[in-house]
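Here is a short briefing on one protein chain. Look over the sequence and the fold before reading the points below.

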Amino acid sequence: MKSNLLMNFTVDKENSTVNVKREFNAPLSSVWSAWTEAEILDKWWAPAPWKSKTKSMDFKVGGRRLYAMIGPQGEEHWAIADFTSISPKTNFKYLDAFSDSEGNLNKDFPRSDWNVTFSEQGNTTFVDIVIKHEKLSDLEMIIEMGFKEGFTIAMEGLDKVFEEK
């Protein structure tokens with residue numbers, strides 16, 4: 001079933017930025033929780049058939065989420081999100097990176113700077129995501145790794161979370 005909810009995915013090569021604007025059929029408070037609470041994040045953050053597993057999460061400025069994407073064969077890809085700014089129910093920002101299971105940075109992969117903004121319109125909520133990379137080659141690496149496809153599937157997973165409520 002194809003969703004008729006808005007999903008815009010644009011790449012701005014000049015600024016090494018990805019912009020994703022996505023609409024959800026849920027109130028702002030539910031969408032905010034889904035992006036900021038580990039137990040809900042783990043239901044959708046990884047693109048199916050992958051699963052997300054949060055080892056620790058401290059959602060505050062200076063806090064961190066340490067989590068793994070777990071594949072169908074049990075393979076684990078660890079990552080961290082270091083929260084740099086939080087305006088409740090409106091916006092949060094974080095630095096994203098691949099890491100090991102202890103949260104040590106994997107320097108083979110680029111970090112990206114996420115800026116996630118929430119706004120309610122009628123019965124739906126829009127999430128506007130700006131992902132900035134240091135340089136174009138970093139952005140291109142993430143795109144080649146299938147970020148657009150994976151993130152699109154993850155967004156559909158979040159739709160399912162809201163449908164089940």
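This is a predicted model. The chain comes to four helices and eight strands. A compact globule of 165 residues would have a radius of gyration near 15 Å, and the chain agrees because its own value is 15 Å.

**Overall fold**

- From the N terminus, the elements run β-β-α-α-β-β-β-β-β-β-α-α.
- The C-alpha trace spans about 45 × 35 × 35 Å along its principal axes.
- Of the 165 residues in the chain, 44% are buried.
- The accessible surface is about 8,900 Å². Carbon and sulfur atoms account for 51% of that surface.
- Take the contacts between residues at least 6 apart in sequence: 47% of them join residues at least 24 apart.

**Domain record**

- UniProt, in an unreviewed entry, places the feature "domain: Activator of Hsp90 ATPase homologue 1/2-like C-terminal" at residues 25–163.
- In the model, the end C-alpha atoms of residues 25–163 lie 8 Å apart.
- That span is 30% helix and 40% strand.

**N-terminal hairpin**

- Strand 1 (residues 7–12) pairs with strand 2 (residues 17–24). The pairing is antiparallel and runs over six bridges.
- M7 stands opposite R22 in strand 2.
- Four residues lie between the two strands of this hairpin. In the turn, S16 has a positive phi of about 50°.

**Helix 1**

- Helix 1 covers residues 28–36 and is mostly covered. Eight of its nine residues are buried.
- The buried residues are L28, S30, V31, W32, S33, A34, W35 and T36.

- Strand 4 (residues 64–70) and strand 5 (residues 76–87) pair in the antiparallel sense over seven bridges.
- R65 has A81 in strand 5 as its bridge partner.
- The hairpin of strand 4 and strand 5 has five residues between the strands. There, G74 takes a positive phi near 85°.
- Strand 5 also pairs with strand 6 (residues 91–99), again in the antiparallel sense, over nine bridges.
- F83 stands opposite Y94 in strand 6.
- The hairpin of strand 5 and strand 6 has three residues between the strands. Here K89 takes a positive phi near 60°.
- In a regular strand, side chains alternate between the two faces of the sheet.

**A serine in strand 3**

- Is S52 buried or exposed? S52 has a relative accessible area of 8%, under the 20% cut-off, so S52 counts as buried.
- S52 lies in strand 3, which covers residues 51–57.
- Which side chain does S52 meet in a polar contact with R65? The side chains of S52 and R65 themselves are joined, at 2.9 Å.
- The side chain of S52 also makes a polar contact with the side chain of D42, at 2.9 Å.
- Beyond its neighbours within four places in sequence, S52 is in contact with L41, D42, W45, A46, R65, Y67 and A68.
- R65 links two of these topics: R65 has a polar contact with S52, and R65 is bridged to A81 in strand 5.

Technical notes
Residues are numbered from 1 along each chain as its sequence is written. This is a predicted model: local features need pLDDT of at least 70, side-chain atom pairs count only at pLDDT 80 or more; totals for chains, interfaces and linings use all residues. Side-chain values use heavy atoms; hydrogens and water are left out. Buried means under 20% relative accessible area, exposed over 50%, partly exposed in between (1.4 Å probe, protein chains only). A polar contact is a pair of N or O atoms within 3.5 Å; within protein, one must be able to donate a hydrogen and the other to accept it, and residues adjacent in sequence count only if both atoms are side-chain atoms. Contact means heavy atoms within 4.5 Å. UniProt positions are given in the numbering used here, feature names are shortened, and annotations may be inferred rather than shown by experiment. Two strands pair if DSSP finds at least two bridges between them. The radius of gyration is taken over C-alpha atoms; the globule rule is 2.2 Å times the number of residues to the power 0.38. Accessible areas come from the Shrake-Rupley method with a 1.4 Å probe; for residues, only the protein chains shown count as cover.
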